[in-house]
Amino acid sequence: MNLRIAIQKSGRLSEDSLKLLNDCGISVKSAGAKLRSQAENFPVEVYFLRDDDIPQYVQDGVADLGVVGENVLYEKCKDVEVVQKLGFGRCRLSLAVPRNSAYQSVASLEGRKIATSYPFLVESWLRQNRVDAEIHEISGSVEIAPGIGLADAVCDLVSSGSTLFMNGLQEVETILESEAVLVKKTELDEEKEKLLRKLLFRINSVQAARKNKYILLNAPNDALDEIFALLPGMKSPTVLPLAEEGWSSVHSVVPEAEFWDKIEALKYAGAQGILVVPIEKMIQ
Ligand code: ATP
Ligand code: MG
């Protein structure tokens, strides 16, 4: 019995999806010419598909799980369940207009033509904002539409904004913030649910590890109280005496987000020889 997971064959989500599985100790080789691949050491079979098809395959039960961007998932409007956000493939679906156009608010779109590959999401957003605009659906190169007179505005995925900028467009509204998510078929049998729980336990450990760093430092004993106050640790920091009298080595775990602030404060408190190492897995 296998858990069948659909991931993107080749594109922006492929590498991170495979890396997540591999970091979970599930070794799968990248797609190559193959459309499916059996993991060696976990009952998982990976299907390599176009991202657009993944929600449908999961809804139909051809795959049990899928990794797909929220943008694709919500556009396709399928009956699948989001199990977990995965923290990669971040982007936003945004409306953009030519830089020289006099855009003031959503109302400026009234009666205009919007080119997009996301007709459902754009339509719903327009309805919510009580604006009537015409949607022109195209499947790619959306950003050139205003330049060739096909539309007055576009709605497309943005991460840095450089593609919009190069095409003389300016981002004016965000319709959806998106990242990759793990989705599952609404009803899985008990055995597959069990495998899914095992997989989720591993994903959580990998994600926690990615968000934290292991830190080691030396400090004079009289600075320890101040240093402890700065270090949360998983329970409390580990302290070991150094061979040099009056000094200790302190080990702890620091969230990536607070990391640079902490390092400065620790140095200021008297810490020396600070080492920071990545954590491979973190079981909480
Ligand atoms: P496929 O051949 O599988 O249909 P695609 O061309 O539709 O591929 P990609 O461009 O590889 O898709 O993007 C896959 C997903 O990556 C997007 O649906 C989105 O969730 C995410 N993504 C992250 N950043 C961006 C970005 N700057 N532009 C487009 N997609 C992005
Ligand atoms: Mg696609």
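## Strand β9 and its neighbours

In β9, C155 is the bridge partner of T116. This belongs to the parallel pairing of strand β7 (residues 113-116) with β9, which runs over three bridges; two strands pair if DSSP finds at least two bridges between them. Strand β6 (residues 91-98) also pairs with β9, in the antiparallel sense and over five bridges. There S94 stands opposite D156 in β9.

Strand β9 (residues 153-158) is largely enclosed by the rest of the structure, because five of its six residues are buried. Buried means under 20% relative accessible area, exposed over 50%, and partly exposed in between (1.4 Å probe, protein chains only).

## Basis of the values

This is a predicted model: local features need pLDDT of at least 70, side-chain atom pairs count only at pLDDT 80 or more, and totals for chains, interfaces and linings use all residues. Residues are numbered from 1 along each chain as its sequence is written, chains are lettered from A and ligands numbered from 1 in the order in which they are written, and side-chain values use heavy atoms, with hydrogens and water left out.

## Magnesium site

The magnesium ion (ligand 2) is coordinated by D51 (OD) and D52 (OD) at 2.0 to 2.1 Å. Donors are N, O and S atoms within 2.8 Å of the metal (3.2 Å for Na, K and Ca); water is not among the atoms, so sites may look incomplete. D51 counts as buried because its relative accessibility is 17%, whereas D52, at 27%, counts as partly exposed.

## Aromatic rings

One aromatic pair is found in a search of the whole structure. F259 and W260 form this pair, edge-to-face, with 5.0 Å centre to centre and 70° between the planes. Rings of Phe, Tyr and Trp (its six-membered ring) pair if their centres lie within 6.5 Å; planes under 30 degrees apart count as stacked, over 60 as edge-to-face and the rest as tilted. F259 is buried at 9% relative accessibility, while W260 is exposed at 62%.

## Overall form

The protein chain has eight helices and 15 strands; helices (H or I, at least four residues) and strands (E, at least two) are DSSP runs, numbered from the N terminus. The chain is more spread out than a compact globule, because its radius of gyration is 24 Å, well over the 19 Å that the globule rule gives for 284 residues. The radius is taken over C-alpha atoms, and the rule is 2.2 Å times the number of residues to the power 0.38.

The C-alpha trace spans about 80 × 55 × 35 Å along its principal axes. Of the 284 residues in the protein chain, 46% are buried.
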